[in-house]
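Welcome! Please take a look at the sequence and the model shown here, and then we can walk through some of the contacts together.

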Amino acid sequence: MENNEILLYFEQIMKDDLNTSAAVAAIQTLIQFIKVDPAETLAGLRANLKDAINTLNNFTDSSVTSITSGCELFLRFITLASLDHSDFNDCKRVLVERGQLFLQTVGTSRKKISKSALPFITDGKTILTHSRSRVVLQIFKDAVAENRRFRVFVTESLPDRTGQSMYDELTALGIPTTLILDASIGYVMEKVDFVLMGAEGVAESGGIINKIGTYSVAMCAKELNKPFYVLAESFKFTRLYPLNQKDLPNQFKYHASTMRSKNDLSQEHPWVDYTPPAYITLLFTDLGILMPSAVSDELIKLYM
């Protein structure tokens with residue numbers, strides 16, 4: 001697959017299903033890449049896979065954070081065990097099978113997260129969420145299915161107004177939802193019981209990388225003693241340890257198209273920010289409910 005074919009395949013997956021995360025779409029793209037790649041050795045295939053991952057990171061405006069962590073874990077998973085096959089085509093078939101198994105495991109993540117977090121959504125609760133998160137939307141759907149009665153505030157989430165689409169989806173589910181200005185977080189915070197947030201990536205420290213404005217929400221929640229809960233799949237755990245906003249790599253903070261067209265990024269607005277672990281109450285993951293300090297241990301297990 002040429003670079004343009006990789007990108008077209010990835011973008012088609014994202015277009016066909018809006019609930020598919022960028023990381024899952026990237027993994028599906030890599031599985032297809034393995035099937036058609038002309039490499040004749042495992043070393044060559046692995047090198048080509050890394051090039052394909054770089055293409056996805058450098059030429060798509062989707063979440064680079066989750067694509068990077070998901071692809072890195074995928075590559076680790078499919079090549080972890082030895083391939084005792086003399087025929088290279090058999091090796092490729094095994095890699096594809098492992099890839100499909102990994103994809104199946106990833107596919108159950110949201111349901112596992114929802115199951116562990118659902119008891120926190122009880123009748124009468126008022127919840128604040130930021131932007132649009134697929135896993136947060138999943139738990140709200142499951143809560144509605146169990147006839148839970150609750151209310152949601154969702155931020156408008158400029159500059160792309162992803163909060164508007166979240167508002168539309170929650171309203172369609174029959175959930176009493178209010179779309180609020182990003183600047184009104186402080187005003188609204190005293191009315192909510194807790195904050196429920198998704199994440200584009202979870203750092204080794206237990207902090208999260210997410211849509212710009214998340215850090216502001218977290219600081220406000222901390223000041224008013226409101227629990228700040230994060231829902232995140234384990235394939236978003238990334239081997240990154242930022243101490244502040246400047247430590248986030250530029251490719252995480254800016255769209256790939258912006259990175260390619262701008263030599264000077266100092267005037268550009270970042271799309272994500274970093275929320276330190278001190279502001280996070282609990283992380284709900286497919287590995288269980290974690291304190292932020294437990295993320296580094298789980299990362300070690302994932303990459304062993």
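Setting aside neighbours within four places in sequence, Thr68 is in contact with Asn57 and Phe252, where contact means heavy atoms within 4.5 Å. You will find Thr68 in helix 4; helices (H or I, at least four residues) and strands (E, at least two) are DSSP runs, numbered from the N terminus. With a relative accessible area of 18%, Thr68 is buried. Here buried means under 20% relative accessible area, exposed over 50%, and partly exposed in between (1.4 Å probe, protein chains only).

A word on the source: this is a predicted model, in which local features need pLDDT of at least 70 and side-chain atom pairs count only at pLDDT 80 or more, while totals for chains, interfaces and linings use all residues. Residues are numbered from 1 along each chain as its sequence is written, and side-chain values use heavy atoms, with hydrogens and water left out.

How do helix 2 and helix 4 pack? Helix 2 (residues 22-36) meets helix 4 (residues 64-79) at an angle of about 40°, and their axes are 8 Å apart. The axes are lines fitted to C-alpha atoms, for helices over the stretch in contact, and angles run from 0 to 180 degrees between N-to-C directions. Helix 2 is therefore oblique to helix 4: angles under 35 degrees count as roughly parallel, over 145 as roughly antiparallel, 65 to 115 as roughly perpendicular and the rest as oblique. On the helix 2 side, the contact residues include Ala22, Ile27 and Ile34, and on the helix 4 side they include Ser66, Gly70 and Phe74. The residues of this contact divide into 11 nonpolar, 2 polar and no charged. In this sorting, Ala, Val, Leu, Ile, Met, Phe, Trp, Tyr, Cys and Pro count as nonpolar, Asp, Glu, Lys and Arg as charged, and the others, Gly among them, as polar.

**Salt bridges**

Side chains of opposite charge can pair when their charged atoms come close. How many salt bridges does a search of the whole structure find? The search gives 11, a salt bridge being a side-chain nitrogen of Lys or Arg within 4 Å of a carboxyl oxygen of Asp or Glu. Here are some of them:

| Pair | N to O distance |
|---|---|
| Asp142 and Lys111 | 3.3 Å |
| Arg149 and Asp123 | 3.5 Å |
| Glu169 and Arg132 | 2.6 Å |

Asp142 of helix 7 (residues 134-145) and Lys111 of helix 6 (residues 109-117) are 31 residues apart, and their pairing links distant parts of the chain. Asp142 counts as buried, at 15% relative accessibility.

Arg149 sits in the loop between helix 7 and strand 2 (151-155), and Asp123 in the loop between helix 6 and strand 1 (126-129), so this pair ties together parts 26 residues apart in sequence. Arg149 is exposed, at 62% relative accessible area, whereas Asp123 is partly exposed, at 44%.

Glu169 belongs to helix 8 (residues 162-172) and Arg132 to the loop between strand 1 and helix 7, so their bridge ties together parts 37 residues apart in sequence. Glu169 is partly exposed at 25% relative accessibility, and Arg132 is partly exposed at 23%.

Salt bridges also link Arg110, Glu233 and Lys236 in a network. The C-alpha atom of Glu233 is separated by 9.6 Å from that of Thr108, although these residues are 125 residues apart along the chain. Thr108 lies in the loop between helix 5 (88-107) and helix 6, and is partly exposed, with a relative accessible area of 34%.
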